[in-house]
Amino acid sequence: MPFIRHESIFTLQDLYEMEQKDRFKAIFTTIDITPVLRLVRKKSLYGAPVEVNYTAMVYSLIVRIVERIPTIKDLIKRLQHDILFRLDCGFMLSEAIPSQASYSRLVRKMSQSNALEEIQEQLLEQAIAEGFVTDDTVAIDATHVEARDQAPAKQEKEKSEPKKRGRKTKAEREAWLKQKQEEEEQKPIFEKEIVAQLSEPFKVLREQMPLDPQWGVKKNSDGKNVFWYGYKGHLVVGTQSQYILGAMLSSGNLNDGKAAIPLLKGIASQHPIFKFKYATMDAGYDYEPIYKQIREAKAHAVIAYNRRREPELEGFDEHFAPTCVREHSYRYDSYDPKYETLKYVRPKECESCPLAHDTLCQKVYKMKITTDLRKYAAPARGSERWKEIAKERSAVERVNAYLKEYFQLNNIRHRTGQKAKAHFNLVTL
């Protein structure tokens, strides 16, 4: 029996109108890609015209993240075979689909500039102005991202000469201390102590952020070390709106705490209108310079305490609240912002205590938070309000999971840190 192929009763335009042609319109109308187009436009009126539709290429890169298309090769294949998808991305039917080399050149140009960061800044400013970001608490955390390449073979270290035994002479010690100081000054900013970041502007910290893939290690929920080769993504997120207020990519071996100050400075320099009251983080960020940076932003730090072989303080409990003679902890009452003092009142056990009216038992304790920024926070450590704010840190962990599960953060296909950063910026955008 012969097979008869019927002609379509609909034109291409009719078929296109039946589809949801505006499915990406909401994204494209919100994102202003002008900073990226400046990188590829002609700088002179002379010369051959630009034959590539860069606007559609940028849109297709964004759609690749949203539609979970794994590779550029798959993106090109779909653009070639799916007419409706091609039109949705902005390509005309008469235009040739760009090659993989064209996409590679575009990604390289984006990675060599801060165009994607500019787009994110504009988008966040618009969200703040329209009232979408009204968070009073921000959360900071890092997540591991595996690299495309395999780790290089481990190189054996050369054996160093044995040290001279005995105590150094005074002249030798002074020369050794001077050498150590010179070596410390010549180190990059992220190899120095965290306190060195306080005096550096945000632009310097962003430019000097290490991006080479490196071995990283962290402890999982079972307390065992997990190793990976690649990068770390650092986010600062509004705990209520879950907006990404700042994002940075770094090498996998960078300490989590060394990315907190750049993120906080980024908010202050790029979005001075936005103000927050609390910043919450886990124990990996328990460093005094981070507390100072949060204090400079006129906010309070809610960071889990990391005991570094410190002895227990006599007269204080595990949350550094004062204790009475019978070692009952005083209760946190209030915080006085004028004098920056925490007020503690008698514990409930003192009502039936025979020493309640004795001079040994003090009725009220007041403690200035500037005594030790790590130990004394507002609200006080261990209080119900402190615990409520600390729980809001799960927002940044949730956003990290979204980026990995739904926006291809775990699918870095580039071999250099600069291009991996471009992919990271597209994902967070």
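What span should the 12 residues of helix α15 (residues 417-428) have at 1.5 Å a residue, and how far apart are its end C-alpha atoms? The expected span, defined as 1.5 Å times one less than the number of residues, is 16 Å, and the end C-alpha atoms of α15 are 16 Å apart, which agrees.

The model is predicted, so local features need pLDDT of at least 70 and side-chain atom pairs count only at pLDDT 80 or more, whereas totals for chains, interfaces and linings use all residues. Residues are numbered from 1 along each chain as its sequence is written, and side-chain values use heavy atoms, with hydrogens and water left out.

Helices (H or I, at least four residues) and strands (E, at least two) are DSSP runs numbered from the N terminus. Helix α15 is mostly covered, since 11 of its 12 residues are buried, where buried means under 20% relative accessible area, exposed over 50% and partly exposed in between (1.4 Å probe, protein chains only). Among the buried residues are His423, Phe424 and Leu426. The buried residues of α15 pack against the helices α4 (54-66), α7 (100-111), α8 (115-129) and α14 (394-406), and also against the strands β3 (225-238) and β4 (244-251).

**His234 in strand β3**

His234 is found in strand β3 and is buried, with a relative accessible area of 1%. Contact means heavy atoms within 4.5 Å; leaving aside neighbours within four places in sequence, the contacts of His234 include Asp141, Asp256 and Phe424, and Phe424 is one of the buried residues of α15. The side chain of His234 also makes a polar contact with the side chain of Ser250 (2.8 Å), a polar contact being a pair of N or O atoms within 3.5 Å; within protein, one must be able to donate a hydrogen and the other to accept it, and residues adjacent in sequence count only if both atoms are side-chain atoms.

**Aromatic pairs**

Rings of Phe, Tyr and Trp (its six-membered ring) pair if their centres lie within 6.5 Å, and planes under 30 degrees apart count as stacked, over 60 as edge-to-face and the rest as tilted. The count comes to nine aromatic pairs, including these two:

| Pair | Centre to centre | Angle between planes | Arrangement |
|---|---|---|---|
| Phe24 and Phe28 | 6.1 Å | 45 degrees | tilted |
| Phe28 and Tyr59 | 4.0 Å | 20 degrees | stacked |

Because Phe28 lies in helix α2 (residues 25-30) and Tyr59 in helix α4, their pair ties together parts that are 31 residues apart in sequence. Both Phe28 and Tyr59 are buried, and Phe24, Phe28, Tyr59 and Phe85 form one aromatic cluster.
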